[in-house]
Amino acid sequence: LLVAAVVLWAGPGHAQFSIFGLKNSLVQFLLKQISVEGEFELTATGIEEPEDGVTRLAGVQIADGDGVWFKAEGVDLNWNASRILRGELEIRKLAVVGMEVLRKPNPPEVTVNEDSEVGQATFDPFAWPRSPIATRVEEMRLERAFVAAGVLAPQSLSFEATGSFVDEGDEQSLTLDVTRTDDVVGEIDLNYVRDFSDESLTLKLDAGEAPGGLVAAMAGLPEGSASSFVIDASGPLTDWALTLKAEAERMIEVTGSATVNAQAPIGASLKLALVPGEALDPAAHVALGERAELDLVVQETEGGVIRIESGHFRSPSLGMDVSGDYVRDTAAMDFALKLEALAPLAALAEGVDFERFGFDGTLKGDAANFTAKGALTLAGLTTAPADLGGADLDVTVTMAEERVSLDAAGFAEQVRLDKLGPDLLGETRIDVKATYGLTDQQAALEVL
């Protein structure tokens with residue numbers, strides 16, 4: 001994608017270009033069209049003609065306002081020079097050798113059609129700058145390419161690739177077949193076609209990598225196993241439909257579909273099925289069961305607030321329903337929350353069995369400091385020191401400064417306490433106040 005940007009970058013009429021020692025006026029004219037002062041400044045240290053019809057730029061660099069972010073030892077162009085005088089760039093073959101992407105470039109300012117439905121979107125995740133002239137690259141090759149850590153993922157990436165590129169009329173398209181050449185064996189195939197006449201996008205991605213793969217890291221798949229990722233999406237960006245399948249070998253398989261509306265305010269609906277593998281963490285395996293399903297509908301509102309209109313998670317051991325607001329900047333939550341834990345989940349607590357645990361209430365705050373308040377129900381609790389047939393309690397759980405506080409009050413039935421004898425008690429009033437320190441791991445029981 002970054003190499004395609006070298007060919008297509010759009011610039012305003014006052015764009016300037018500085019190149020040293022180059023006498024080829026057509027090359028200078030070409031590069032002037034795709035260079036933007038302070039945003040996309042393209043320079044080279046020399047020019048060669050190693051064979052007839054081939055122009056080689058040596059020591060290529062691209063800089064933005066923060067300095068150089070792209071380097072290449074050489075760029076070979078087999079192009080139709082006469083086309084540039086007609087306002088067209090036709091490259092039969094483009095080869096980039098010794099490419100280095102040192103950091104993420106500053107994002108461009110992208111102009112969208114005034115009458116476009118996505119013109120008012122708060123962001124366009126598929127915005128590429130348009131070339132100021134018709135551009136066609138029939139064959140593109142990248143050799144000894146390197147992308148630094150933090151550009152695409154926490155890991156770096158070394159690879160070679162082939163592909164093609166078109167930016168002409170209402171079409172902008174890219175095909176790229178990537179083969180990794182570093183310690184991680186992998187293949188990544190990309191096909192991207194955007195039609196600006198109806199603001200539609202077709203995107204197909206097929207990736208398979210050994211453990212430690214790039215796509216697995218970007219998709220949030222578990223580390224330590226080979227992975228595959230397939231996405232197939234098409235349609236206008238106001239109703240963009242996609243299907244996906246992702247798998248981390250012996251860890252987890254995820255399949256599903258989504259519909260995205262990029263028109264402001266942005267919204268999306270998502271349906272996923274999750275099937276755990278034999279090597280998945282045992283606790284996660286218990287929570288997911290044989291298969292879990294996630295349905296989520298979200299909508300962006302003003303002020304960077306993500307509204308969960310509905311969220312549902314179901315597995316043989318756990319159910320959850322959530323709705324409410326999440327503030328991106330502060331990570332603040334204001335949720336209505338229902339939880340239902342069933343008997344299989346008791347396997348996570350040694351020495352504890354229960355038939356059902358439920359919570360219906362609210363969750364407010366952030367991950368470090370929050371308050372959960374609502375109604376708690378419990379059925380069929382069995383432990384070594386005590387049993388509980390059922391309970392209905394009003395509870396408040398607070399997390400603040402690495403301490404968890406519990407305040408619960410209500411009634412229970414069929415209570416058995418070993419220290420009081422083997423017989424079951426009748427309906428019993430329960431009042432509990434307790435705290436637990438996550439740092440010092442000290443518990444304190446204030447009221448029982």
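Reader: What share of the 448 residues in the protein is buried, and what makes a residue count as buried?
Author: In this predicted model, buried residues make up 39% of the 448 residues, where a residue is called buried because its relative accessible area is under 20%. Trp69 and Phe70 are both buried.

Reader: Why is the pair of Trp69 and Phe70 called edge-to-face?
Author: The ring centres of Trp69 and Phe70 lie 5.8 Å apart, and rings pair if their centres lie within 6.5 Å; their planes stand at 70°, and planes over 60 degrees apart count as edge-to-face, so the pair is edge-to-face. By this rule the count of aromatic pairs comes to one.

Reader: How do you know that strands β21 and β22 pair?
Author: Pairing needs at least two bridges, and 14 bridges join β21 (residues 386–400) to β22 (residues 403–417), with the strands running antiparallel. Gly390 stands opposite Glu413 in β22, and in the hairpin of these strands, which has two residues between them, Glu401 takes a positive phi near 50°.

Reader: What makes β22 and β23 a pair as well?
Author: Ten bridges join β22 to β23 (residues 428–437), again in an antiparallel arrangement, against the at least two that the definition asks for, and therefore these strands pair. Ser405 has Thr435 in β23 as its bridge partner.

Reader: What places the charged end of Arg429 over the ring of Phe411?
Author: The charged end of Arg429 is 5.2 Å from the centre of the Phe411 ring, over which it sits; the distance limit for such a placement is within 6 Å, with a further condition of within 35 degrees of the ring normal.

Definitions and conventions: Residues numbered from 1 in each chain as written. Predicted model: local features only at pLDDT ≥ 70, side-chain atom pairs only at ≥ 80, totals over all residues. Heavy atoms only, no water. Buried < 20%, exposed > 50% of the residue type's maximum accessible area, 1.4 Å probe, protein only. Helix = DSSP H or I, 4+ residues; strand = E, 2+ residues; numbered from the N terminus. Phe/Tyr/Trp six-rings, centres within 6.5 Å; stacked < 30°, edge-to-face > 60°.
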